[in-house]
Amino acid sequence: MPPRLTRTAAPLTHALLFLAALAAGVALGRVLALEAPRLRPDVALRLAALAALPLPLGLLRLLTTPPHAAARRFLGEPAPALLTRSLRAALLWIAEALMVPVGMLIAAQFTPDCAEDLQRGAALVAMAVLLAAGLGTAGLLLALRTVARGPSALWASLTGGGAFGPAQAAPLLYAPAFALVAALLPSALLSAVWGAKAALLTPQVLVFSVLAALCCALWAARREVHAVRPLLQEALLAVEEAHATPFAQSQQLPEPPGWLMPGPPEPALRLLARAWLRDRPGSWLTTALLVGLTLLLARRPAEPLALACAAAAIALYSTVRAVAAEHEPAHLAAQWLGATGLLLHRAILRLGVGLAVPALALLALAVATGAWIAVPVGALAGVALGALALLLPPCWLPRLRKRLPVLALVMTSVAIAWAGTVPSAGSTAQSRAGEAP
């Protein structure tokens, strides 16, 4: 039996992510409760789309490029075992996503006047998450079967002549999007029923709808898991070949963008930046999504201190993500090529500063909320704190240093929830004055 090469994530990491998802669910439930009753069906559908969006993309990486697939194949592990291992890892991410509707149900306990609407919203989110997981798995495995049969002229034309990736991997580009759209259809239907006649969505109907979504997701995923096994080896090899094939867009972008390499790029920094951009091409979107979530939650006037803490947490997370580069093969390759520990430590610090550049999107939060001083000061404090954490020697508390990105993500979830649920003193006084006879 092949030895265990590595774990996808430590148990403590998953526990922290569970807490982060739970905090996000409580914040989203609070946002739904603050909306006018006539707007809650539409807002709940948007929240369902927001919670289900990451799942098909995460499944794309887990199922089509299993961790250390080439090494495990060399050690004798068959392709079905690789798929089983990836599915087990995916179950943890799905369970973490389901903490969002659980958090909404917890928020319903503190707002009994709109508890029924929060239960309906939690059901919509749970259905979207379950269907995005099941249909996403089924769609990606169906795409793998299509890839295993070899390239075709149709898929070659759909890739735009290689501008969006190798032709043989084209089905994998469309499967997550189709799965997400299909997963949101039942939630959209229930949202329409909710808006037309909310009394029809009784607790019994909600429970039945969630159970029906669970059964549909399990059936679709189980069916494709059995169907793909005979062709799985050929499919994974074809995907690996597609990833190793240069295509038009990669030839047009030979170097990472300048903001990812602040200052004159040294060889070690250039190598780490190239590896980061190749392995995480959309990592800058994470910061943009966090800023967008904060904008969504803080549409009403919020406490400036809460906004400052949210901006600081987002900037801190954006900066300390560079710690993950210390555990990547590119870091070992730089050492093998002669880079000293001091050069690599400085390269990690500069990479972290570059990753914090997308946090400039926090200026949109300052414009939308009017917190012109609190948000920039918080963002600068977050970048400074992240740079200070990266300056510490790697040998100092290595386990804590390895988990810095996850801890920062938990802090970000709590800070964003605080910014979205704590109104400013002026808005509270204004609302009380409006309620007075």
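Ala220 is buried, at a relative accessible area of 9%; buried here stands for under 20% relative accessible area, exposed for over 50% and partly exposed for anything in between, with a 1.4 Å probe and protein chains only. The residue sits in helix H10; helices (H or I, at least four residues) and strands (E, at least two) are DSSP runs numbered from the N terminus. Setting aside neighbours within four places in sequence, Ala220 is in contact (heavy atoms within 4.5 Å) with Gly134, Leu135 and Ala138. Gly134 is 86 residues away from Ala220 in sequence, yet their C-alpha atoms are 6.3 Å apart in space.

All of this comes from a predicted model, in which local features need pLDDT of at least 70 and side-chain atom pairs count only at pLDDT 80 or more, while totals for chains, interfaces and linings use all residues. Residues are numbered from 1 along each chain as its sequence is written, and side-chain values use heavy atoms, with hydrogens and water left out.

Stepping back to the whole protein, there are 22 helices and zero strands. Of its 437 residues, 44% count as buried. Among contacts with a separation of 6 or more, 84% are made by residues 24 or more positions apart.

Helix H10 (203–228) turns up again at the second largest pocket, where H10, H5 (79–97) and H7 each supply at least two residues of the lining. A pocket is an open set of points on a 1 Å grid over the protein atoms alone, where a 1.4 Å probe fits, with protein on both sides within 12 Å along at least five of seven lines; lining residues have an atom within 4 Å of a point. The volume of this pocket is about 410 Å³, counted as the space filled by probe spheres set on the points, with grid points joined across faces, edges and corners. Its lining has 19 residues, and Leu87, Leu91, Ile94, Leu218 and Ala221 are the closest to the centre. Sorted by class, the lining holds twelve nonpolar, four polar and three charged residues; Ala, Val, Leu, Ile, Met, Phe, Trp, Tyr, Cys and Pro count as nonpolar, Asp, Glu, Lys and Arg as charged, and the others, Gly among them, as polar.

Next comes helix H2 (residues 40–52), whose 13 residues should span 18 Å at 1.5 Å a residue, in agreement with the 18 Å between its end C-alpha atoms; the expected span is 1.5 Å times one less than the number of residues. Its buried residues are Arg40, Pro41, Val43, Ala44, Leu47, Ala48, Ala51 and Ala52. They lie on the same side of H2, because they cover an arc of only 165° around the axis, taken from the directions from the helix axis to the C-beta atoms. Among the elements that cover them are helices H1 (11–34), H7 (115–148) and H14 (284–297).

Helix H13 (residues 267–279) has buried residues too: Ala268, Leu269, Leu272, Ala273, Ala275 and Trp276. Their arc around the axis is only 165°, so they sit on the same side of H13. The face turned away from that buried side carries the exposed residues Pro267 and Arg278. Cover for the buried residues of H13 includes helices H16 (329–336) and H17 (341–355).

Finally, Ala389 lies in helix H19 (residues 374–391) and is buried, with a relative accessible area of 17%. Not counting residues up to four places away in sequence, Ala389 touches Val320, Arg401 and Leu404.
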